[in-house]
Amino acid sequence: MKLVFIGPPGIGKGTYAKMLSQKYGIPHISTGDIFREEIAKGTELGLKVKQYVEKGLLVPDEIVIEVVKQVLQRPECGKGFILDGFPRTVKQAEALDGMTKIDVVFLFEASVEVIIERVSGRLICQNCGAIYNIKWKPPKKPGICDICGFPLIRRKDDEPEVVRTRYQVYKQTFEPVIEYYRRKGVLIEIDSSKDAHIVVAEVERILKEKGLVKEQV
Ligand code: AMP
């Protein structure tokens, strides 16, 4: 089960990937998470990519491709994987084709209004990083973290205007990659305006239809 997930920031892609990754025991590989971790640890790779990630610019293809190549060689990727945030350019997509055969590319879609509504309720703890949502997962005491008692804040990039800009940037960046997979006939579009459980159930239905996971009896 070798999958690629594509979708705008804030759509819930990370949540879907985590749910499926736990259920089927395949790793969720997010190149963004890898880079943030390496930067936090101050590794050689972290120092190399810091300047790009902090400015929101694409890390050069050669670096990203090499990182993904190394990760996919790990034994835990043998059964399959979910790639999230990669490929972002046609060159990366071509390089990935040279490494392995991707079974399905899922494209998660929802209007920018739905995404704004989804992220506008998000609150995070500046101290421990816990994530809440006013609507779906409110803290016990308004504005205060349940875990450590620090005040909760709204992330700067969750403001509606910033979400709109990130959506436009996403469209421009990913369009050639989406087109690349559409032409290859492996792209499946998923309506993500519904609840995460419904979206994940739809993904699983398709995986079963394609014989990538077994029917549950
Ligand atoms: P993300 O969490 O996927 O939004 O990624 C955060 C940042 O990591 C991006 O803004 C880029 O700087 C970098 N990055 C992640 N994946 C890639 C990729 N496939 N190609 C180039 N840069 C990437």
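Which element gives the most residues to the lining of the second largest pocket? Helix H4 does, with 5 residues.

## Basis of the model

The structure is a predicted model, in which local features need pLDDT of at least 70 and side-chain atom pairs count only at pLDDT 80 or more, whereas totals for chains, interfaces and linings use all residues. Residues are numbered from 1 along each chain as its sequence is written, and side-chain values use heavy atoms, with hydrogens and water left out.

Helices (H or I, at least four residues) and strands (E, at least two) are DSSP runs, numbered from the N terminus.

## The second largest pocket

The second largest pocket holds about 360 Å³ of space. It is lined by 18 residues, of which Ile-34, Glu-38, Val-67, Val-71 and Arg-74 are the closest to its centre. Two or more lining residues come from each of strand E2 (28-30), helix H2 (31-41), helix H3 (44-55) and helix H4 (61-72). By class, the lining of this pocket divides into 8 nonpolar, 3 polar and 7 charged residues, where Ala, Val, Leu, Ile, Met, Phe, Trp, Tyr, Cys and Pro count as nonpolar, Asp, Glu, Lys and Arg as charged, and the others, Gly among them, as polar.

A pocket here is an open set of points, on a 1 Å grid over the protein atoms alone, where a 1.4 Å probe fits, with protein on both sides within 12 Å along at least five of seven lines, and lining residues have an atom within 4 Å of a point. Grid points are joined across faces, edges and corners, and the volume is the space filled by probe spheres set on the points.

## The ligand and its surroundings

The ligand is surrounded by 14 residues, each with a heavy atom within 4 Å of it; the closest are Thr-31, Arg-36, Leu-57, Gly-85 and Gln-92. Polar contacts are pairs of N or O atoms within 3.5 Å; within protein, one must be able to donate a hydrogen and the other to accept it, and residues adjacent in sequence count only if both atoms are side-chain atoms.

On the backbone side, a polar atom of Leu-57 is 2.5 Å from an oxygen atom of the ligand, and a backbone N or O atom of Val-59 lies 3.0 Å from a ligand nitrogen atom. From a side chain, a polar atom of Arg-88 lies 3.0 Å from a nitrogen atom of the ligand.

Ser-21 sits in helix H1 (residues 13-24) and counts as buried because its relative accessibility is 16%, the cut-offs being under 20% relative accessible area for buried, over 50% for exposed and partly exposed in between (1.4 Å probe, protein chains only). Beyond residues up to four places away in sequence, Ser-21 touches Ile-26, Pro-27, His-28 and Ile-82, contact meaning heavy atoms within 4.5 Å.

His-28 belongs to strand E2, and its contacts, leaving aside neighbours within four places in sequence, are Gly-14, Ala-17, Lys-18, Ser-21, Ile-82 and Asp-84. The side chains of His-28 and Asp-84 are joined by a polar contact of 2.9 Å. In the loop between strand E3 (81-84) and helix H5 (90-99) lies Pro-87, which is joined to Phe-86 by a cis peptide bond with omega of about 0 degrees.

Gly-7 lies in the loop between strand E1 (2-6) and H1 and is buried, with a relative accessible area of 5%. Not counting residues up to four places away in sequence, Gly-7 touches Lys-13, Phe-108 and Tyr-170.

Ile-188, in strand E8 (residues 187-191), is likewise buried, with a relative accessible area of 19%. Its C-alpha atom is separated by 5.0 Å from that of Phe-106, 82 residues apart along the chain, and Phe-106 is among the residues in contact with Ile-188, together with Val-104, Val-105, Leu-107, Ile-206 and Lys-210. His-197, in helix H8 (residues 196-209), is by contrast exposed, with a relative accessible area of 58%; the C-alpha atoms of His-197 and Thr-15, 182 residues apart along the chain, are separated by 9.8 Å.
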